[in-house]
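My notes follow, in the order I took them.

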Amino acid sequence: MDTTLRDGEQTQGVSFTPAEKVSIAKALLQSLRVDRIEVASARVSQGEKEAVASINDWAQHESFAGRVEVLGFVDHTRSVDWIVETGGKVINLLTKGSEKHCREQLGKTLAQHIADILQTIRYALEKGLRVNVYLEDWSNGYRDNPAYVYELVDNLSHAGISHFMLPDTLGVLSPDEVFASLSDMCSRYPELEFDFHPHNDYGLATANVMAAVRAGVNSIHCTVNCLGERAGNASLAEVAVVLRDKMHLQLAIDESHIVAISKMVETFSGKRVAANAPIIGADVFTQTAGIHADGDQKGGLYKTKLGPERFSRTRSYALGKMSGKASLRKNLEQLELDLSEEDQKKVLDRIVRLGDSKQTITADDLPFIIADVLANKDYQHIKLLNCSITSGFNLESTVSLRVSINGKDHVASGFGNGGFDAFIHAIEKVLALYGYSLPRLADYEVRIPKGGLTSALTECVITWDCGGEIRKTRGVHANQVFAAVLATLRIINMQLHEMNCRAD
């Protein structure tokens, strides 16, 4: 059972609009094919009521009506009437599964609480609802006073309840504790249907799910992207894959839609998924080390059952300082590019150098790097040894640089309207010593790859008017100003090379 739209919405800062709730509900039942969804708490707001009514109307027409559930309270008629008015068919009744909650929050004895519960159940059944029951704080209740739990379940076991839902409300259980307590519940009440509702406060939610299934529970509650109070609930993606792969269970879940629904919930909730989140994270099917790419190329040595194709994803090979030839080849194959061994070595050398200043080079960056490397004639008459550029709002930019020209070092500084302008003023002071001045800048274009990441490489293409002859140079760098600097150094090297040739 997915409870993203109810318990997941209790995540700090998350509130789905009615339209968003309907979209997520449809995706969960129709595309992902979860068995049940819990979509709201009764009596919360008018907007919530409209959302639940829309979901129920759609579910009725698509034959999902009995699979949409709403949390209700022990309030005799009020929650039941609210759910019935929305067209609902199932109430998940919130009861107190620990003596402490019953005594201190309700101020009632167990006998009084049971009487109230039975009254609400009878009314719900009269109104045609199916009834499930949450035993809130069950994990603490069972630990502190199991007799309380037994008496509660004994009195409710013949009341017409479909599912007894046992929450680890505060996420306090370990797998061993889950197995021991749920094994006791399942063996003590073999005729009852038990659900387990885990929370992830200790990071044990998925492991606790495995223990619960071994103990004999019939249903597991989870949320998309691990949404929920505090550290969240069990991740639907992790639970589905673990139950299928590690416990060999048959599930209705269509894994090919897991990532798409994760992105939908990420967008609507505003809660970003960590790049290394299992199954759904952006980086989890990316190989970074060159040795891994080499192993995959030579026989799939680093591939497992947990392959990206399962989830409508593709494997990628990161480019950076840890890249090897195999990583580059894999990316060239995806781009349908063919480079000579010599050019591959040049490109790889550039990638490794860039990786020292930029953690990862994306596949979208690669065409920029290739074009830059292939256009470079490797003239090294002028070399930039170091350069510091400082810019500020409502302040002139300043540059301090050290360059080597034909083996002789020079230091210069400059200021200007922006970092590139300041660089030009500084470098021209050095170039004047050699009787050289930069050609007129005719055009200046900066762009990033289509991926659109702010961390992307920047390509700067400068068009120069060299006495009537138009020339273009390219620079590629993670910083757009330094991309322009590299493009400028390239035109200087080209022209210094020609000057040397004429002198010879």
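I started at Leu182, which touches Trp138, Leu166, Phe196, Ala212, Ala215 and Val217, leaving out residues up to four places away in sequence; contact here means heavy atoms within 4.5 Å. Before going on, I noted that this is a predicted model, where local features need pLDDT of at least 70 and side-chain atom pairs count only at pLDDT 80 or more, while totals for chains, interfaces and linings use all residues. Residues are numbered from 1 along each chain as its sequence is written, and side-chain values use heavy atoms, with hydrogens and water left out.

Next I looked up the cores. The largest nonpolar core has 88 residues, and Leu182 is among those that touch the most other members, together with Val39, Ile121, Leu135, Trp138, Met185 and Phe194. H1 gives the most to this core, with seven residues. Another core, of 28 residues, lies apart from it and includes Ala422, Ala426, Ile427 and Leu489. For my own reference, a nonpolar core is a set of buried Ala, Val, Leu, Ile, Met, Phe, Trp, Tyr and Cys residues joined through side-chain atoms within 4.5 Å. Buried means under 20% relative accessible area, exposed over 50%, and partly exposed in between (1.4 Å probe, protein chains only).

Then I followed H1 to its partner. Helices (H or I, at least four residues) and strands (E, at least two) are DSSP runs, numbered from the N terminus. The axes of H1 and helix H11 (residues 258-269) come within 11 Å and cross at roughly 170 degrees, so the two helices are roughly antiparallel (over 145 degrees counts as such). On the H1 side the contact includes Ile24, Ala27 and Leu28, and on the H11 side Ile261, Met264 and Phe268. By type, the contact residues are nine nonpolar, two polar and one charged.

What does Arg6 touch? I found Glu38, Val39, Ala40, Ser41, Leu71, Tyr134 and His197, not counting residues up to four places away in sequence. Arg6 sits in the segment before H1 and counts as buried because its relative accessibility is 9%.

Neighbours within four places in sequence aside, Ala484 is in contact with Phe420, Tyr444, Cys460 and Ile462.

Last, I checked a hairpin: E10 and E11 have two residues between them, and Asn394 in the turn has a positive phi of about 65 degrees. The bridge partner of Asn386 in E11 is Arg402.

Note on methods
Pairing = 2+ DSSP bridges. Axes fitted to C-alpha atoms, helices over the stretch in contact; angles between N-to-C directions. Parallel < 35°, antiparallel > 145°, perpendicular 65-115°, else oblique. Nonpolar A, V, L, I, M, F, W, Y, C, P; charged D, E, K, R; others polar.
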